[in-house]
Amino acid sequence: MNFRYLTVFTFLGVLIAGLWFHSQNQHTPQGIHKLDVAPFDAVYIVNDDDFFDYQVDLIYRSGEAHNDSLDGLPHYIEHLAADRVAKSTSAQQNRHSNAWTSGTGTGYWQSATINQLRDTIQALVNTAMPLDSDPEFAKTEIDIVLREYDERLGGDPLHLHRNAGMAVLLQDAALARPVIGTKSSIEQFSLEAAQALHAKTHDLSNAVLIIRGALDETSITQLLQNLDYPPSPASKFHRDISIPALMPIRDVAQIDVDKLDQRILHFDWLYQVDVCDSALDCEARNLIAAKVLFSTRAGGLTTPLQYDEFVANGFEGYQYLMWDTAFAVTIYASPEPDVSLDTLADRIETHLRATAENGLPKASFDAAKADALADYTPVPFDTDDEVARLTTAISYANDYRSISALHTQLENTTLDDVNAYLRSMLGSSRIVIRKYMPAE
Amino acid sequence: MFRYLIAFSTLIFLGACQSDPNSVVQDIISDDGHAIKHMYVDETGVTDISVVISWPSNWSYDDAKNQAVPYLGASLFNSVGTAAMPPQDVASLLSDKNSRIGFFNTADYVGIEFEFPNNYENDIVPVVQAKLKDPQFDPRWFKKVKSDLRTYQTNTRKDIYAQTYRAVRYFILGEGPLQRNLSFDNTNELERATLDDVKSWYASHFSSKPMAISVVGPISSKNAKTLVDDLLRGLPEIATVASNKVDTNFEGTQIYVHQPDAEKTVLTFIGDNWVSDYRDKYADLLALRGFSQGLDSPLNKAIRNELRASYGFSADGFRYNTSTRAFYFVGEIEGAKLAETIDVVKMAYDAFKADPEIPEFAALRDRTSEEAADQGAYIDATARSLNWIQIDPLAPTPDDDNYFYIDETDFDRVKNRIKLDWPDANDLVIVATGPNPTDLSNACVVSDARDALGCR
């Protein structure tokens with residue numbers, strides 16, 4: 001083979017393919033467009049002329065919460081199915097490829113050049129084909145998952161206690177299941193169990209395809225219609241993963257933990273919110289509230305805990321949507337040397353309740369709202385941020401709401417809205433406090 | 001940085017400011033004579049201005065110095081307020097104005113880095129000035145910062161990666177002050193350090209004569225000069241000379257750090273990776289990626305696909321100071337396969353060194369270049385890079401016609417670098433940490449990272 005000619009032909013091929021795509025690409029504006037193409041539940045094309053490559057994501061709307069078998073089995077399935085993508089022609093050509101599993105989704109993605117696009121999408125679609133991994137590979141892949149477990153959680157003395165605490169907080173709902181499993185559950189995995197669950201969960205009619213690059217609707221639709229697809233499952237797999245109505249609880253425990261170096265307080269507060277007009281409304285109120293609660297702004301926790309009272313050596317706080325209208329405040333804090341975990345827990349709860357009862361000071365609200373608006377600004381359109389928002393929404397079983405829509409919602413959010421949202425904390429809620437002490 | 005630098009050579013503007021060219025690096029001189037690398041950025045949505053100033057330091061080369069002091073100093077200055085504003089008000093101001101101020105310390109230099117939206121200059125710059133010129137040596141905060149750092153030392157003592165890298169440092173750098181500074185694991189030094197030590201550290205560094213200043217963002221060269229002059233005027237003149245001289249030992253070895261209660265085994269390979277031509281830094285970056293990235297890279301093919309011993313290894317370059325440079329491969333492996341893994345990695349490395357093959361090299365280079373460009377699109381990253389190229393002895397200079405970029409690195413340079421300059425497999429420093437020393441029976445076994453000194 002004369003490589004000089006090969007290079008020339010390759011160059012011409014890429015050039016022609018590029019010109020063809022460009023010529024086809026006259027009618028689809030930049031941005032995110034939703035298509036309806038069978039067998040997928042949805043197809044999003046992100047038309048982005050500036051994107052260096054093409055990237056294709058296939059996300060099944062099923063994850064650990066949909067698992068009715070050993071903890072972590074969907075993650076093992078992801079490893080086996082991803083091997084198929086990794087062995088595809090385009091993956092062998094030094095393309096980026098990876099996969100992930102969450103509580104509510106399983107995703108596979110790969111980058112591609114123009115002329116690898118079809119093979120790449122086909123390789124991702126093949127993750128829905130019956131799982132026919134080589135038994136020896138499947139067996140040794142369990143070792144690889146164990147090494148991943150080591151990498152992610154080995155040496156973290158709290159992770160099993162966190163799993164147990166999450167189960168209490170979420171009333172043993174499916175969403176509390178540990179995504180990667182436990183060492184003992186991983187050691188019990190088998191190819192047969194993986195095949196059985198894979199057949200139920202890897203259904204393309206329950207999957208979303210996202211393609212990013214210089215695209216147009218017509219050519220992508222044609223391309224998708226000409227792929228090879230597995231037969232649709234005879235029946236749809238369904239598993240209820242919602243959290244039941246919250247039963248109020250206050251569960252406090254002190255736990256002596258082996259290999260723990262310092263005292264740590266884990267404070268969870270799960271509460272029902274029914275004051276929002278929509279999920280987007282809730283998201284906007286929560287964003288503004290969180291920007292006060294975990295800051296030095298008046299009404300927040302940082303100033304009293306770390307500056308005025310000197311009770312927290314450090315703390316991290318999050319406030320997020322757990323499910324539909326259930327929100328959680330999660331705080332990890334370490335006390336100053338001469339402060340007890342009981343005192344720290346009391347101060348955190350006292351200040352949170354005070355803010356929920358009194359509402360945010362107007363100056364804090366204004367600053368937090370301005371901050372949130374700056375974080376979520378639709379101009380200039382940032383494709384990276386928008387795609388991240390799209391994939392995150394699908395991964396966590398939420399509806400996609402654009403940055404532009406969120407920005408508008410934030411603009412319309414008032415101090416009264418946020419204060420009403422914060423008062424929800426005083427209603428039906430579950431508080432789980434864990435005081436972790438180093439074992440003697 | 002690269003996005004801004006790709007197309008432009010450095011322009012030198014020494015005279016009066018005219019309209020500043022967009023996204024071009026300029027070498028400007030302030031009225032007080034400070035050399036500044038300045039980049040005016042005029043892009044929709046870009047409002048942040050980032051400033052980085054570095055001063056030379058030889059603290060970490062002086063055996064008589066307490067090496068905990070730079071950590072205490074930087075942490076203290078980051079925590080306290082100003083004479084006019086208590087710490088919580090400073091924190092609140094920075095939060096409200098989406099701004100940040102940070103002091104930092106490294107082996108060869110110390111510095112301050114701050115960033116603010118251009119419409120908040122009058123709110124933030126006075127606070128920076130106050131923090132820099134009149135730091136609050138508050139005993140209460142000194143006690144708190146010391147307590148925080150004590151907790152940090154405690155927490156890292158059992159961390160398997162921290163122990164592995166400690167052992168590597170003791171073996172390569174010996175027991176000297178640079179090792180003590182970088183390891184920051186000496187609890188006695190931390191306990192001995194006093195507020196007076198921090199005052200002494202401050203007084204010996206923060207002068208009116210920094211070694212590197214960079215200003216990036218929507219700020220004219222005229223305003224950048226004024227900002228810098230106002231910031232530095234009034235600081236004392238101190239003749240601190242930077243030092244970077246250190247003896248290193250990269251002799252090939254195998255060390256096992258026995259951590260009885262470890263739940264996993266970590267394996268790392270370290271190679272001396274000094275360069276004499278800055279273009280080789282980019283060649284090394286691509287070579288390391290070619291060797292390690294992806295499931296089908298030589299490294300991961302050997303240990304994951306074939307030996308099935310690891311979830312995956314990563315590789316990258318690092319430096320202890322401006323005169324050392326090394327690369328590492330690191331990952332977690334099944335302990336029972338440790339010896340076999342070392343053999344397999346050495347074989348894969350030797351094969352790669354003898355005949356470097358990187359399939360689709362151009363795609364790898366393009367992707368790496370694009371990632372660098374994405375990173376360079378951030379104002380703060382660009383300011384840091386412009387500061388660094390004034391410090392790094394191997395950075396391109398303004399005398400070069402063009403900065404050298406990843407895009408221009410051809411495979412021949414990469415291949416030659418690997419074949420001719422990378423160390424042989426038997427010259428790699430190999431350190432494993434885990435619960436079972438019999439996994440590597442021919443290693444120098446130590447029970448504390450410090451004992452790696454005895455393996456030299």
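Q: What is the bridge partner of B:Phe313 in E11(B)?
A: B:Gly331 is the bridge partner of B:Phe313 in this predicted model. Local features need pLDDT of at least 70, side-chain atom pairs count only at pLDDT 80 or more, and totals for chains, interfaces and linings use all residues. Residues are numbered from 1 along each chain as its sequence is written.

Q: What makes E10(B) and E11(B) a pair?
A: Two strands pair if DSSP finds at least two bridges between them. E10(B) and E11(B), residues 326-333, have seven bridges, in the antiparallel sense. Strands are DSSP runs of E with at least two residues, and helices are runs of H or I with at least four, numbered from the N terminus.

Q: Why do E10 and E13 of chain B count as edges?
A: The open sheet runs E10-E11-E9-E12-E8-E13 in chain B, with mixed pairing. E10 (310-318) and E13 (444-446) each have a single partner strand, so one side of each is left without a neighbour in the sheet.

Q: Why is H10(A) called roughly perpendicular to H15(A)?
A: H10 (residues 279-293) and H15 (residues 403-412) of chain A pack at about 65 degrees, with their axes 9 Å apart. Axes are lines fitted to C-alpha atoms, for helices over the stretch in contact (heavy atoms within 4.5 Å), and angles run from 0 to 180 degrees between N-to-C directions. Angles under 35 degrees count as roughly parallel, over 145 as roughly antiparallel, 65 to 115 as roughly perpendicular and the rest as oblique. H10(A) is therefore roughly perpendicular to H15(A).

How values were computed: Chains lettered and ligands numbered in written order. Heavy atoms only, no water.
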